[in-house]
Amino acid sequence: MATIKGVSSFSAEQEAQALRKAMKGFGTDEDAIIEILTKLNVSQRQQVLITYKSTIGRDLIDDLKSELSGNFERVIVGMMTPTTMYDVHELRRAVKGAGTDEGCLIEILASRTNEEIRRINENYKCQYGCTLEEDIVSDTSSMFRRVLVSLATGNRDEGTYVDAALAQQDAQCLYEAGEKKWGTDEVQFMAILCTRNRSHLLRVFDAYRGIANKDITDSIKSEMSGDLEDALLAVVKCMRNKPAYFAERLYKSMKGLGTDDNTLIRVMVSRSEIDMLDIRREFLTMYGKSLHSFIKGDCSGDYRKVLLRLCGGED
């Protein structure tokens, strides 16, 4: 369930004028910008973007960028970006920014549906003239690279059929590829975890526990390390419970010293219209504190205000 639902009727022209007024002249009315943009959903914001240009003759995103700054600006610009393009920009930043943001690559590729991945690939190519896969290949290496390339094909079986015998066989395969042998056959893990459907994998994980006497995540942790471990764990977590996966991403972005703003912003912006309510519920269950209280304690100013609006209420 989403926290940002949009409004049933609105005037794009009125909202465009209100945004212009909030930025025109001396000083900026940040509260008005937050108010307007959080009551609209992403497709409504696109209508305002076009209307702003046609009635005012200026580019709304350029205006926002010149008036706002820092993390607050990044949230607002993110909210103004169509869903697929937002993922595309984040993936590009992950491979072309200073150093590689492996966490971002893993999060997006492990959690998006086939259809979402297909749209990402299409738009990525249009925007940058090369494929996402080419950028992944040039920026990562070894088995981690192969897992990302596999996920980026968006070719997971999305059916619900479970072949009980195959599930048992897959579980045995995983056991023999990891726990049972010296060294790990990582390709087996990839082949099964990155291609089978969700219902089938849940059955595999149950069968695995019976064979190995431990959870699949514990085996991945002991058999793998680094980015490869993170990627396969993300795949398993997303299959089991996607909102819980995002709750953990948010928790880790804020706990301890400093904040991983990239992750915090990306999850809050990209999930607010999909499953933010579910993420909030999982967060409370997992950590005994509300997401709202965590953001409140970790961020400040307009950045905090807008994130709290994306979060919705206090639990």
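Glu-115 and Arg-118 both belong to helix H8, which covers residues 114-128, and they stand three residues apart, about one turn of the helix; helices here are DSSP runs (H or I, at least four residues), numbered from the N terminus, while strands are runs of E with at least two residues. Their side chains meet in a salt bridge at 2.7 Å, N to O, a term that stands for a side-chain nitrogen of Lys or Arg within 4 Å of a carboxyl oxygen of Asp or Glu. This is a predicted model, in which local features need pLDDT of at least 70 and side-chain atom pairs count only at pLDDT 80 or more, whereas totals for chains, interfaces and linings use all residues. Residues are numbered from 1 along each chain as its sequence is written, and side-chain values use heavy atoms, with hydrogens and water left out.

Glu-115 also forms a salt bridge with Arg-119, at 3.1 Å, N to O, and these two residues of helix H8 are four residues apart, again about one turn of the helix. Glu-115 is partly exposed, with a relative accessible area of 35%, where buried means under 20%, exposed over 50% and partly exposed in between (1.4 Å probe, protein chains only). Arg-118 is partly exposed at 42%, and Arg-119 is partly exposed at 33%.

## Other salt bridges

The structure holds 27 salt bridges. One of them joins the side chains of Glu-179 and Lys-214 at 3.0 Å, N to O. Glu-179 lies in the loop between helix H11 (164-177) and helix H12 (186-193), and Lys-214 lies in the loop between helix H13 (198-212) and helix H14 (216-223), so this pair ties together parts that are 35 residues apart in sequence. Glu-179 is partly exposed at 25% relative accessibility, and Lys-214 is partly exposed with a relative accessible area of 25%.

A network of salt bridges links Glu-90, Arg-93, Asp-101, Glu-107, Arg-249 and Arg-266.

## Domains and one interface

The protein chain is divided into domain 1 (12-68), domain 2 (83-153), domain 3 (164-240) and domain 4 (242-311), with bounds that come from an automatic or database domain assignment. The centres of domain 2 and domain 3, taken over C-alpha atoms, are separated by 23 Å. In this pair, 10 residues of domain 2 are in contact with 12 residues of domain 3, contact being heavy atoms within 4.5 Å.

Domain 2 and domain 3 bury about 1,000 Å² between them, 82% of it on carbon and sulfur atoms; buried area is the accessible area (1.4 Å probe) that two parts lose on being put together, summed over both. Ile-106, Met-143 and Val-147 supply 45% of the area that domain 2 buries against domain 3, more than any other three residues. Across this interface the rule finds zero salt bridges. On the side of domain 2 that touches domain 3, the elements that give two or more residues are helix H7 (102-111) and helix H10 (142-152), and H10 gives the most, with six residues.

## Cysteines

How many disulfides are counted? The count comes to zero, a disulfide being a pair of cysteine sulfur atoms within 2.5 Å. The sulfur of Cys-173 is 15 Å from the closest cysteine sulfur, in Cys-194, which is too far for a bond. Cys-299 is in no disulfide either, and the nearest cysteine sulfur, that of Cys-311, is 11 Å away. Cys-173 is partly exposed, with a relative accessible area of 26%, whereas Cys-299 counts as buried at 6%.
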